[in-house]
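My entries follow the order in which I looked things up.

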Amino acid sequence: MSGSIYPSPVDKLLTYGDCSEMETIPNYIQELGFNTDHIPDLIRLATDKGLNSGDIDTIEAWGPVHAVRVLNQLGAEAAIQPLVTLFHELDDDWLPNELFEFYGTIGAAAIPTLEAYLQDLSNDAYDLADAATSLRKIAEKHPDLRDRCIAVLTQRLEDFTKNDKEFNAFLIGELLDLQAVESAPVMERAFAANRVSTVIVGDWDMVQVDLGLKSREEVPERRFPVEELINFYQQELPQVPRGFGPSVSSKQKKKKKK
């Protein structure tokens, strides 16, 4: 529960409701009268540690989710840096997805902050993966920024010898979602160096199928060794291999932290 006091209409977000029961995202600006003057308090609510680490069964716990949604609707560039810290402070399935949408909406202004976060090796691999997903969302919402986002993700993959295998796999997964054929040479080197978790993203043959560089008929379906699967799932990572299976979702990535 939050110990902070929020002015109106920000305080209304603490009782606005359970997002999981809402069929659509409300127009907060129209319904509650938000404007740019409210941005500082919205950022304070979105980053409220008491709420983000508190009882998830309370209505108040949804306050930060609503706050990020309002910041998204306001296009609040002032929130770019404060919200990026949430990647390594959150332990839920809802707010990360709202962060992806926020950064996707902000677009170009958010890229330098996300790039800097990706370059900080002190961040956890799964939190870095959230920043990578945010860049992918920017590329999807702003096609003119696709090449720039792919360049950032590919450059980060160039450090595959320093990265965790899981993080390399997540980077490749985002590049696959963007059909970044231009990044294939870097991906191939990472696989050749055995620096990619194939349980997450499949092997190099599977990735080539995803990129359209090989047909599915050219690649035999791989069955992962039992030991490899056991070691992977003992880390509580419920991802499914790409290539011949469903893509890894950002929600699944965050569940590792629970």
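I take a residue as buried when its relative accessible area is under 20%. I note also that the model is predicted.

**Entry 1: helix α11.** I looked up which residues of α11 (residues 184-192) are buried, and found Ala184, Val186, Met187, Ala190 and Phe191. They lie on the same side of α11, because they cover an arc of only 160 degrees around the axis. An α-helix has 3.6 residues a turn, so residues three or four places apart point the same way. I then asked what covers the buried residues of α11. The cover includes α9 (146-157), α10 (165-177), α12 (198-201) and α13 (204-211). After α11 comes asparagine 194, with a positive phi near 60 degrees.

**Entry 2: helices α4 and α6.** I examined α4 (residues 63-74) and α6 (residues 95-106), whose axes come within 9 Å and cross at roughly 10 degrees. Angles under 35 degrees count as roughly parallel, so α4 is roughly parallel to α6. Among the contact residues are Val65, Val68 and Leu71 of α4, and Leu95, Leu99 and Phe102 of α6. The residues of this contact comprise seven nonpolar, two polar and three charged.

**Entry 3: aromatic rings.** I searched the whole structure and recorded seven aromatic pairs. Phenylalanine 102 and tyrosine 103 form an edge-to-face pair, because their ring centres are 5.0 Å apart and their planes stand at 70 degrees. Both phenylalanine 102 and tyrosine 103 are buried. Tyrosine 126 and phenylalanine 170 are also edge-to-face, with 5.3 Å centre to centre and 75 degrees between the planes. This pair links distant parts of the chain, 44 residues apart: tyrosine 126 is in helix α8 (residues 125-141) and phenylalanine 170 in helix α10. Finally, I noted one aromatic cluster formed by Phe87, Phe102, Tyr103 and Tyr117.

Notes:
Residues are numbered from 1 along each chain as its sequence is written. This is a predicted model: local features need pLDDT of at least 70, side-chain atom pairs count only at pLDDT 80 or more; totals for chains, interfaces and linings use all residues. Side-chain values use heavy atoms; hydrogens and water are left out. Buried means under 20% relative accessible area, exposed over 50%, partly exposed in between (1.4 Å probe, protein chains only). Helices (H or I, at least four residues) and strands (E, at least two) are DSSP runs, numbered from the N terminus. The arc is that of the directions from the helix axis to the C-beta atoms. Contact means heavy atoms within 4.5 Å. Axes are lines fitted to C-alpha atoms, for helices over the stretch in contact, and angles run from 0 to 180 degrees between N-to-C directions. Angles under 35 degrees count as roughly parallel, over 145 as roughly antiparallel, 65 to 115 as roughly perpendicular and the rest as oblique. Ala, Val, Leu, Ile, Met, Phe, Trp, Tyr, Cys and Pro count as nonpolar, Asp, Glu, Lys and Arg as charged, and the others, Gly among them, as polar. Rings of Phe, Tyr and Trp (its six-membered ring) pair if their centres lie within 6.5 Å; planes under 30 degrees apart count as stacked, over 60 as edge-to-face and the rest as tilted.
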